[in-house]
Amino acid sequence: MAHLTELQVENVKSHMMRDEDALRIKFKAKNTEFDTISRPHNEVEAYEKMGYSVVRSSARKTTLSRKKDHGVQFEDDVWCMFYKLGFRILNGDEKLVVQWGPNKEDTQQLDVVAVGDDAIFVVECKAALTSVGHSFKTELNKMEQYMTGITESLRQIYGNKRVKFIFASRNYRINDEDIARMGNAGIFHLNDNSYNYINNLIKSYKESVIYQFYGLMFKDELINDDLIKIPVLKGKMGERNYYIFSIEPSTLLKIGFVLHRTRVNDSMAPTYQRLLVPSRLKGITNFIDGGGYFPNSIIINFSAANDELKVKFTPIRAEKDSQSEFGFLRIPNAYGIAYIIDGQHRVYGYAQSQHKEDSTIPVVAFEGMESEEQLKIFMEINENQKAVSPSLRLDLEEDLYWKSARLDSRMKALRSSCIKALAANSNYVLYNKISVGEDPSLLAFKPFDTALGRSGLIPKASSTQWTGDTDVCIYNTNETDIDKAMKDSRTRITKFIDDGYAIADSIMTEEVKQDYLFSNRATFAFIALLGSLHTYLIKINTINPQSSIPDRIAAVDPYIRHLANSLNNLSDEDNRIIKGVLGQGADTFWLRSFQNIINKQFPEYAPEELVEWKETQDQSLQQEGAERKADIRRQLRTLLFARLEKVYGAKWLNNVAILKNAIEGRIIKEYGDNDDFDLSEYDWRDYLEVSEYRDVIDKNFSYQEFEEVFAINIGLAFKSKKDKLNWMTMISEPKGKKTSALTRSDLNRLELINTHLANFIDVE
């Protein structure tokens, strides 16, 4: 196209801002949800009709504000993102129009333009109020049409800088065709994930963020054609070559890239890093500028997208007594080709240091290392330094164990992969709702992992064999192609879970969803319930291991619909009870509550664990159990001392003299302060605890008189002395703890104990 005229250049510049004070004021206005204006008092009524509300009034004017339109808000948010990234030449309004072609009508309004030292970013923004699918074929057609012309125009004004075009979307689900088109055209798609990721980078990296941002925007693109030539020592570990060298931090910052465990980097491998800790980063910079240094090496891996980006080693000589070689390593001067496996804090600590140009840092560099190997190095290093967080470890299990020879490890990988698939698929109900790696979100990763592990949808296994019933899971344990079995089951399991969520999501009210569908306590209950229903339906032959996922969901549908409707109409009392259960056991209580709701409508659905739980909630059963325990303890007192006298005669007390003294001491400690205390009025035998009864019985168990009375078979193991006295745990009342809830089976055992002892009471 023809160059811009002076008038056109000045027109573009008039809509751009570079004054620090003016930019700061503009940022303050854009970095809020409200448009604020001041108008004469006589105009207030007209503005109120346009949705403005009065904030305050002064003698001459009234200040009003209204919430920004979602489209305007998004453009402002993107503008603020670039301001926080450190850009100080930005468009000042939405009226920036740039000529891109020779014809008068070849112009384009640009939403956001940010000019940096090395690059210019041009952003087209599209926002929806709520999540929606949409094709942007027309918009991308136009964008591709004007990219070359806009690039030339902006370079005419700001010099021969890189120009990067960004298509920014909020709440839009972009189809694969549009995503592929953007990739082919070199357009970066700034979606919800990448926008959030960059803002998290800003919080963590502070002033150093620009290096990681440029690496993200221009990954695998040459900075310039000048190769970085460094003297190195080449060595070998096993079959793996590595290089040892020193490099200026300013150079490594440009070519380095940190692969954070985030949805933005899902297409890159490996991803395992945590975001930087800002306070730690600042401390490292101060340490370096104060004369400090780090003697240990940064560990990196060179990864080349093509031959042009590969490092090349030229040997000078090899040593006779060593496998090492001296030589030069030629490194392409390109963004993001050196993955930092360990040492990101040390590298980025130099970003704001006065020594980033005149210092060198030691590096151990690998080349073309597989993702699993990089991940293992990262884990091994961090196991002995700062511990990997539980959530990051769960996330990493997919890459750690996907190809493991151990069955149980592979199932860990499958659980991790399923959870991430639920969070990553834009068509799924749980899209972006699960915290994965460095991506914080509404729901934690751990409850999903726990629920999947207990749901029955994924088989349980030891290291070498399957355990439990594999017929009820959604995994083909007979498939010999491990990768195929894993991928097929992931697809089917996530589809089954998502469809289950979709049923509940379509019925529950928004308020109920927040409590009983999209909360961490509900996560375990809902997914475990889906698994329980799935197991039940297979057991009654409604579905079978060969059933399609639609058939399985059709079978589950009425149960989930009833649950959703029931939760919508939950009584205040039931709501209070369920939500009031906190801490350990809350997950199970919620699951049993969900199962119980379904059981009331579908009595044939009665899992054994639900039946037992309902018994523990039966107060009459609990009362009967408490009375039976009291009866047994009374019988135990009578029989113990009768048997002691039978074995030892008149000297029976010598056998328990130490115990008697200890208990009397306990009585004195508790009641001795009373003015009228008299120890002779207390029978020490009334204060024996069950554990003390057991000690005496254990001590004398070799006598037939004791074994025949106190060895009671309650239907469990009955070989050792410990087994034979195990019944006594059922009548213990642990101090400081709630009484253990009893099932009908427990009550039957207590009845058996009571009857056994009663027979000997009659004899005595």
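Buried denotes a relative accessible area under 20%, exposed one over 50%, and partly exposed the range in between, computed with a 1.4 Å probe on protein chains only. By this scale K487 is partly exposed, at 40% relative accessibility.

The structure is a predicted model, in which local features need pLDDT of at least 70 and side-chain atom pairs count only at pLDDT 80 or more, whereas totals for chains, interfaces and linings use all residues. Residues are numbered from 1 along each chain as its sequence is written, and side-chain values use heavy atoms, with hydrogens and water left out. The predictor's confidence in each residue is the pLDDT, given from 0 to 100. Its mean over the chain is 86, and 91% of the residues reach 70 or more. Residues 264-273 have pLDDT below 50, and this stretch has 46 contacts in the model beyond near neighbours in sequence; a contact means heavy atoms within 4.5 Å. Residues 383-388 also have pLDDT below 50, with eleven contacts counted in the same way. Where pLDDT is low, the predicted coordinates should not be read in detail.

One part of the fold to consider is an open sheet of six strands with mixed pairing, in the order β1-β5-β8-β9-β10-β11. Its edge strands, each pairing on one side only, are β1 (16-17) and β11 (188-190). Strands (E, at least two residues) and helices (H or I, at least four) are DSSP runs numbered from the N terminus, and two strands pair if DSSP finds at least two bridges between them. The pairing of β1 with β5 (residues 89-91) is antiparallel and spans two bridges; within it, M17 stands opposite L90 of β5.

Helix α6 lies across β9 (119-134), β10 (162-174) and β11, and runs at about 170° to β10. Helix α7 (residues 192-205) touches β10 and β11, its direction making about 80° with that of β11. Such angles run from 0 to 180 degrees between N-to-C directions, the axes being lines fitted to C-alpha atoms, for helices over the stretch in contact.

The loop between β7 (107-109) and β8 (112-115) holds L110, which is buried at a relative accessible area of 1%. Leaving aside residues up to four places away in sequence, L110 touches N91, L96, V98, V122 and I150. L750, in contrast, is 640 residues from L110 in sequence and 80 Å from it in space, C-alpha to C-alpha.

Side chains of opposite charge can pair when their charged atoms come close. A salt bridge is a side-chain nitrogen of Lys or Arg within 4 Å of a carboxyl oxygen of Asp or Glu, and the structure holds 34 of them. One joins K67 and E33 at 2.8 Å, N to O. K67 lies in strand β4 (residues 61-67) and E33 in the loop between α2 (20-30) and β2 (34-40), so that the pair links distant parts of the chain, 34 residues apart. K67 is exposed at 54%, while E33 is partly exposed at 42%.

In another salt bridge, the closest N and O atoms of E144 and R181 are 2.4 Å apart. This pair connects helix α5 (residues 137-158) with α6 (residues 176-185) across 37 residues of sequence. Both partners are partly exposed, E144 at 32% and R181 at 25%.

D483 and K487 meet at 3.0 Å, N to O, and both lie in helix α16 (residues 482-507), four residues or about one turn apart. Finally, R628, D631, R634 and E751 are linked in a network of salt bridges.
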